[in-house]
Amino acid sequence: MEGDLPGFNIDAPRWDQCTFLGRMKHFFNITDPRTVFVPEHELDWAKLMVEKSRMGVVPPGTHMEQLLYAKKLYDSAFHPDTGEKMNVIGRMSFQVPGGMIITGFMLHFYRTMPAVIFWQWVNQSFNALVNYTNRNAASPTSVRQMAFSYFTATTTAVATAVGLNMWTKRAPPLVARWVPFAAVAAANCVNIPMMRQQELIQGICVKDKNQNEVGHSQRAAAIGITQVVISRISMAAPGMILLPVIMERLEKLNFMKKVKVLHAPLQVMLSGCFLLFMVPVACGLFPQTCELPVSYLEPELQYTIKASCGEHVPYVYFNKGL
């Protein structure tokens with residue numbers, strides 16, 4: 001394997017990102033929850049190996065397996081735009097351990113109003129951190145914007161959950177169990193655009209195929225953010241829709257009635273099983289690096305690109321975030 005290193009491009013994805021299956025394999029690799037527990041010095045080693053590989057000065061004796069492992073750690077822990085180490089809780093690899101606890105408890109404590117408000121607040125705090133960590137870092141976000149986004153999303157989630165809880169009091173029990181998902185979906189539609197509003201206002205950085213910046217586009221930002229919202233809702237949907245059906249039936253069994261203390265841990269565990277599969281599937285729904293025809297961009301940006309590059313740039317590319 002060592003002899004293949006001279007032609008190895010560490011920035012190129014291992015799997016074809018033009019296909020859903022290739023993207024899913026890619027995200028199964030970098031959202032591996034085990035990478036959360038990798039020590040800091042090993043992450044620093046991975047970054048050093050990636051940087052050396054880019055410069056073509058890989059240490060003698062380095063094997064392909066080592067470079068692939070370094071790439072996996074680097075892609076899971078460092079931001080694709082800045083190369084900076086992301087906070088642990090905001091990484092996509094933390095979605096399973098963090099999300100399973102929050103989702104499990106949201107689905108379990110859905111009956112009392114204080115519990116509903118508390119767990120929706122916890123969930124939106126977690127989501128806000130994830131959204132900020134996985135944003136397109138080329139568009140800066142002020143503390144004021146982050147605070148307003150957080151407040152708006154939390155208020156939306158709590159208001160949706162409380163309102164639907166009151167509305168479903170006379171509905172079948174299963175309907176009430178689906179309230180947390182409705183609140184999460186509504187909040188995602190607010191939280192992500194608000195957290196990334198600067199991209200919608202000033203536009204997202206778009207580049208040509210050679211990674212040369214050609215301008216900023218609001219239309220590209222809208223497409224990227226919409227895709228992220230769809231992915232996040234898809235990530236939560238199977239677990240938060242199917243798990244209430246499963247628990248509704250399990251709780252009617254005699255032995256489950258005797259071990260009510262285990263209901264919450266069981267929902268946490270099952271939520272983890274759903275997320276383990278759905279995190280990479282949802283992240284892979286759309287390419288992370290989006291391709292957009294120049295003809296779809298704003299007229300003034302089209303003119304700028306054609307004036308500087310002629311007809312040699314038919315498409316632009318941008319990082320939509322996760």
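Visitor: What counts as a cavity, and what counts as a pocket?

Guide: On a 1 Å grid over the protein atoms alone, a cavity is a set of points where a 1.4 Å probe fits but cannot get out. A pocket is an open set with protein on both sides within 12 Å along at least five of seven lines. Lining residues have an atom within 4 Å of a point. Grid points are joined across faces, edges and corners, and a volume is the space filled by probe spheres set on the points. The general idea is that rolling a probe the size of a water molecule over the atoms shows where empty space is left.

Before we look around: this is a predicted model, where local features need pLDDT of at least 70, side-chain atom pairs count only at pLDDT 80 or more, and totals for chains, interfaces and linings use all residues. Residues are numbered from 1 along each chain as its sequence is written, and side-chain values use heavy atoms, with hydrogens and water left out.

Visitor: OK, how many cavities of 30 Å³ or more are there?

Guide: The count comes to 3. The largest cavity has a volume of about 260 Å³. Its lining has 18 residues, with Gln95, Thr103, Asn127, Ala236 and Leu275 nearest the centre. Two or more residues each come from α4, α5 (113-133), α8 (179-195), α10 and α12 (263-283). These names come from DSSP runs, numbered from the N terminus: helices are H or I with at least four residues, strands E with at least two.

Visitor: Which classes of residue line the largest cavity?

Guide: There are 9 nonpolar, 8 polar and 1 charged. Here Ala, Val, Leu, Ile, Met, Phe, Trp, Tyr, Cys and Pro count as nonpolar, Asp, Glu, Lys and Arg as charged, and the others, Gly among them, as polar. Now try the second largest cavity, at about 60 Å³. Its lining has 9 nonpolar, 2 polar and no charged residues, and includes Trp119 and Asn165. Helix α5 gives the most to that lining, with 4 residues.

Visitor: And what is the volume of the largest pocket?

Guide: The largest pocket comes to about 1300 Å³. It is lined by 47 residues, and Asp11, Pro80, Gln288, Thr289 and Asn319 lie nearest its centre. Helices α1 (20-30) and α2 (40-55) are among the elements giving two or more residues, and so are strands β3 (289-293) and β4 (315-319). By class, the lining has 21 nonpolar, 16 polar and 10 charged residues.

Visitor: Switching topic, how many salt bridges does the structure hold?

Guide: It holds 9. A salt bridge is a side-chain nitrogen of Lys or Arg within 4 Å of a carboxyl oxygen of Asp or Glu. One of them joins Asp32 and Lys72 at 2.9 Å, N to O. That pair links distant parts of the chain, 40 residues apart: the loop between α1 and α2, and helix α3. Asp32 also belongs to a salt-bridge network with Arg34 and Lys72.

Visitor: Are Asp32 and Lys72 buried or exposed?

Guide: Both are buried. Buried means under 20% relative accessible area, exposed over 50%, partly exposed in between (1.4 Å probe, protein chains only). Compare Lys85 and Glu40, whose side chains meet at 2.6 Å, N to O. Lys85 sits in the loop between α3 and α4 (95-108) and Glu40 in helix α2, so this bridge ties together parts 45 residues apart in sequence. Lys85 has 31% relative accessibility, so it counts as partly exposed. Glu40, at 41%, is partly exposed too.
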